[in-house]
Amino acid sequence: MAASKVQAFWNHPAGPKTIHFWAPTFKWGISIANIADFSKPPETLSYPQQLAVTCTGLIWSRYSMVITPKNWNLFSVNVAMAGTGLYQLSRKITHDYSSDTETAVAKE
Amino acid sequence: MASFRAFLNSPVGPKTTHFWGPVANWGFVAAGLADMNKPPEMISGNMTAAMCVYSALFMRFAWMVQPRNYLLLACHVSNETVQLYQLSRWARGQGYLAPKKDEAATE
C-alpha cells in the first residue's frame with residue numbers, strides 16, 4: 001500500500017524527477033540562509049536585499065493561492081521568506097534608529 | 001498599439017499572476033545591483049550562494065513550466081549573473097581567490 005503511494009509521488013508530473021519539484025523546494029535555501037544570518041551584526045545586512053526577500057515572499061504567498069491548483073509548498077516557502085525578511089529588516093531598523101550615535105547614521 | 005494590446009491580454013501578461021510574481025523577483029536583481037559597490041565584508045556568503053543555486057534552478061523551471069515564462073527566465077538569468085559576480089567579490093574578500101596581480105608578478 002505504502003509502496004504505491006511512494007510510486008505515485010515519485011512519478012508525479014510535479015514530482016522529484018522534475019524541476020517543478022526541485023525549484024520550489026530549493027527556494028527554502030533562501031530562508032535557511034537568512035536564518036543563518038540572524039546572528040550577523042545588523043550593520044552587515046543589506047536593506048535592498050532584505051526588502052526584495054520580503055516583497056517577493058509576500059507577493060508569491062498571495063499568488064500561490066490564486067493559481068490552479070493551489071500550491072501549498074510554494075505558499076509555505078514564501079511565507080517563510082517574508083517572515084525571515086521582515087525579521088531581518090526589523091533588526092536592522094532597530095539598530096539604525098535606536099542608537100543616536102553618529103556612526104549608526106553615517107553608515108547609511 | 002496592437003502588439004501592446006496583445007501583451008496586455010496575453011496568458012502571461014499583467015492581468016495574470018504569471019506576470020507579477022516574476023516582476024517581484026526582479027527585486028533581487030535590483031538589490032544585487034544596488035549592492036555592487038558595497039564593501040565585500042557586507043556581502044552575505046550564505047544568501048548569495050543560495051541565490052546562485054536558486055536562480056539556476058528557476059531558469060530551468062521558467063523554461064519548462066506551462067505556459068513558458070520568458071519574463072521569469074530573463075529575471076533569473078540576470079539574477080544569476082549579478083549574484084555570481086557578488087559571490088566572486090565575497091570570495092575574493094575572504095581570500096578564497098588568488099588576486100590576479102600576484103599571478104602576473106610571478107611570470
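Author: A definition is needed at the outset: a pocket is an open set of grid points with protein on both sides within 12 Å along at least five of seven lines, and its lining residues have an atom within 4 Å of a point. The model discussed here is a predicted one.

Reader: Which residues lie nearest the centre of the largest pocket?

Author: The largest pocket holds about 780 Å³ of space. Its lining counts 28 residues. Those nearest the centre come from both chains: Ile67(A), Asn71(A), Leu74(A), Phe61(B) and Val65(B).

Reader: Which element gives the largest share of the lining of the largest pocket?

Author: Two or more lining residues come from each of α2 (19–26), α4 and α5 (72–98) of chain A, and likewise from α2 and α3 of chain B. By class, the lining has 15 nonpolar, 12 polar and one charged residues. The largest share is four residues, and the element that supplies it is α2(B).

Reader: How many cavities of 30 Å³ or more does a search of the whole structure find, and which element gives the most to the lining of the largest cavity?

Author: The search finds one cavity of 30 Å³ or more, and about 210 Å³ of space lies in the largest cavity. Of its 20 lining residues, Ser46(A), Gln49(A), Met42(B), Ile43(B) and Ser44(B) lie nearest the centre. Elements giving two or more residues to this lining are α4 (47–66) of chain A and α2, α3 and α4 (70–94) of chain B. With three residues, the element that gives the most is α2(B).

Reader: How do the residues lining the largest cavity divide by class?

Author: The lining is made up of 20 residues. Their classes are six nonpolar, 10 polar and four charged.

Reader: What area do chain B and chain A bury between them?

Author: The size of an interface is often given as the accessible area lost when the parts come together. Here 30 residues of chain B are in contact with 30 residues of chain A. Carbon and sulfur atoms carry 73% of the buried area, which comes to about 2400 Å².

Reader: Which element gives the most to the side of chain B that touches chain A?

Author: Across this interface the rule finds zero salt bridges, while six residue pairs are in polar contact, both residues being at pLDDT 80 or more. On the side of chain B that touches chain A, two or more residues come from each of α2 (17–34) and α3 (45–64) of chain B. That side divides into 19 nonpolar, seven polar and four charged residues. The element that gives the most, with 12 residues, is α3(B).

Technical notes
Residues are numbered from 1 along each chain as its sequence is written. Chains are lettered from A and ligands numbered from 1 in the order in which they are written. This is a predicted model: local features need pLDDT of at least 70, side-chain atom pairs count only at pLDDT 80 or more; totals for chains, interfaces and linings use all residues. Side-chain values use heavy atoms; hydrogens and water are left out. Contact means heavy atoms within 4.5 Å. Buried area is the accessible area (1.4 Å probe) that two parts lose on being put together, summed over both. A salt bridge is a side-chain nitrogen of Lys or Arg within 4 Å of a carboxyl oxygen of Asp or Glu. A polar contact is a pair of N or O atoms within 3.5 Å; within protein, one must be able to donate a hydrogen and the other to accept it, and residues adjacent in sequence count only if both atoms are side-chain atoms. Ala, Val, Leu, Ile, Met, Phe, Trp, Tyr, Cys and Pro count as nonpolar, Asp, Glu, Lys and Arg as charged, and the others, Gly among them, as polar. On a 1 Å grid over the protein atoms alone, a cavity is a set of points where a 1.4 Å probe fits but cannot get out, and a pocket is an open set with protein on both sides within 12 Å along at least five of seven lines; lining residues have an atom within 4 Å of a point. Grid points are joined across faces, edges and corners, and a volume is the space filled by probe spheres set on the points.
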